[in-house]
Every structure is written in structure tokens, then in C-alpha cells.
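Thanks for asking me to look this one over.

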Amino acid sequence: MTIVDQQTSTREIETPPESDWEPRIVAFICSWCSYTGADLAGTAGAQYPPNVRLIRVPCAGRLDLLFVLESLQRGIDGVLVVGCPPDHCHYGEGNLLAQRRFRLLKGLLEHVGVEPGRLHFSWVGASEGPKFARVASEVVESVRSLGPSRTLVRGMYAASRSALVE
Ligand code: FES
């Protein structure tokens with residue numbers, strides 16, 4: 001499966017056989033404080049599951065929510081958005097805008113059958129490596145408890161997309 005990130009580069013994600021299912025999580029993470037925090041988790045040896053693929057964005061407020069939809073449509077089981085803590089966004093209030101938009105999207109997706117437990121938002125600061133590891137682990141367990149993402153989501157998204165194109 002291919003995911004296009006904000007820089008339009010592509011990444012290949014293997015689709016495992018059903019029997020070997022493990023939750024696949026995409027984390028859109030702000031390059032400033034939050035990515036530094038995630039990096040600190042790694043260098044500090046704070047363990048978190050390898051199920052989480054990080055995609056850096058210049059600011060959480062810069063995240064195009066279509067990437068969240070695209071991730072779900074392509075079979076990703078859960079999405080995490082991570083921004084700098086309140087008052088630490090390098091662009092003013094991008095983090096707060098991102099949180100508001102994400103809440104709206106989450107509510108809309110719940111109406112079409114996407115379980116809220118697949119969509120998570122968190123703040124992680126530059127010195128919060130252990131927090132990032134904890135959040136990542138919690139998200140993986142939340143999605144694991146829901147099972148694989150449903151084909152319903154993929155079908156609905158494909159249908160709505162083709163309706164827009166026609
Ligand atoms: Fe990190 Fe805006 S710069 S959320």
C-alpha cells in the first residue's frame with residue numbers, strides 16, 4: 001500500500017495476511033516539538049510498538065485532513081495526530097486549529113461508522129519522550145481492541161470519491 005505524505009514522497013506499507021494481523025497506525029507528527037519528543041523516546045530507550053509509522057508535518061495545523069481519510073481508505077487501522085503543546089506552536093495557534101478540525105472530522109467519521117477509538121490526537125513536547133511512547137502504546141492497544149479496519153470504510157470512501165469525480 002502507498003501513502004503519500006505532505007512532501008508527496010511515497011512510502012510502501014506491507015499488507016500482512018489476515019492471520020498475522022497487527023494494528024497499523026499512521027502518526028502525523030509536527031516536526032518541531034513533537035518529533036523531537038518522539039526522537040527522544042527512541043534515544044532514551046522508551047519502548048513503543050513498531051506498529052506506528054511517523055509522518056512528519058511542518059505543523060499540526062498544516063496537516064491536510066484528506067491524508068487522514070486517505071490513510072483509512074487505504075486500510076490503515078488507526079490514525080494519531082501529534083502537535084506541539086498549547087502555547088508552543090511555532091506558528092501561533094496551528095496546534096489548536098488542528099485539534100478543532102480533528103475533532104470535527106472524528107465526529108463526522110463516527111457518523112459513517114468509523115469507531116472513535118481509531119482516531120487520536122495528542123500533544124507531545126520536545127522533552128516528553130516517555131509521553132510519546134505511552135501515547136503510541138495506548139493508541140496501538142485501542143486500535144487492537146477494535147480489530148482490523150472495516151472494508152465498509154474503504155467502500156464508502158471510494159464511492160464518495162467517484163461521486164465527486166463524476
Ligand atoms: Fe508544532 Fe504548530 S509548530 S503544532
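1. A word on naming first: helices (H or I, at least four residues) and strands (E, at least two) are DSSP runs, numbered from the N terminus. In that scheme, Val-143 belongs to helix α4, which covers residues 129-146.

2. Please keep in mind that this is a predicted model. The mean pLDDT of the protein is 86, with 79% of its residues at 70 or more. Residues 1-13 call for caution, as their pLDDT is below 50. That stretch still has 37 contacts in the model beyond near neighbours in sequence. Where pLDDT is low, the predicted coordinates should not be read in detail.

3. Back to Val-143: is this residue buried or exposed? Its relative accessible area is 0%, and because buried means under 20%, Val-143 counts as buried. Setting aside residues up to four places away in sequence, Val-143 touches Trp-21, Pro-23, Ile-25, Asp-77, Gly-78, Gly-117 and Arg-118. Of these contacts, take Ile-25: the C-alpha atoms of Val-143 and Ile-25 are separated by 8.3 Å, although the two residues lie 118 residues apart along the chain.

4. In soluble globular proteins, nonpolar side chains tend to be buried together.

5. Not counting residues up to four places away in sequence, Val-79 touches Ile-25, Val-26, Phe-28, Val-68, Ser-71, Leu-72, Arg-118, Leu-119 and His-120.

6. How many cavities of 30 Å³ or more does the structure hold? There is one, and the largest cavity has a volume of about 40 Å³. Its lining includes Cys-30, Cys-59, Cys-84, Cys-89, His-90 and Asn-95. By class, the lining has eight nonpolar, three polar and no charged residues.

7. Finally, Asn-95, one of those lining residues, is found in helix α3 (residues 94-111). Asn-95 counts as buried, at 1% relative accessibility. Beyond its neighbours within four places in sequence, the contacts of Asn-95 include Cys-59, Cys-84, Cys-89, Phe-121 and Trp-123.

Technical notes. Residues numbered from 1 in each chain as written. Predicted model: local features only at pLDDT ≥ 70, side-chain atom pairs only at ≥ 80, totals over all residues. Heavy atoms only, no water. 1 Å grid on protein atoms, 1.4 Å probe; cavity = no way out; pocket = protein on both sides within 12 Å on 5 of 7 lines; lining within 4 Å. Points joined across faces, edges and corners; volume = space filled by probe spheres on them. Nonpolar A, V, L, I, M, F, W, Y, C, P; charged D, E, K, R; others polar. pLDDT = per-residue confidence, 0-100. Contact = heavy atoms within 4.5 Å. Buried < 20%, exposed > 50% of the residue type's maximum accessible area, 1.4 Å probe, protein only.
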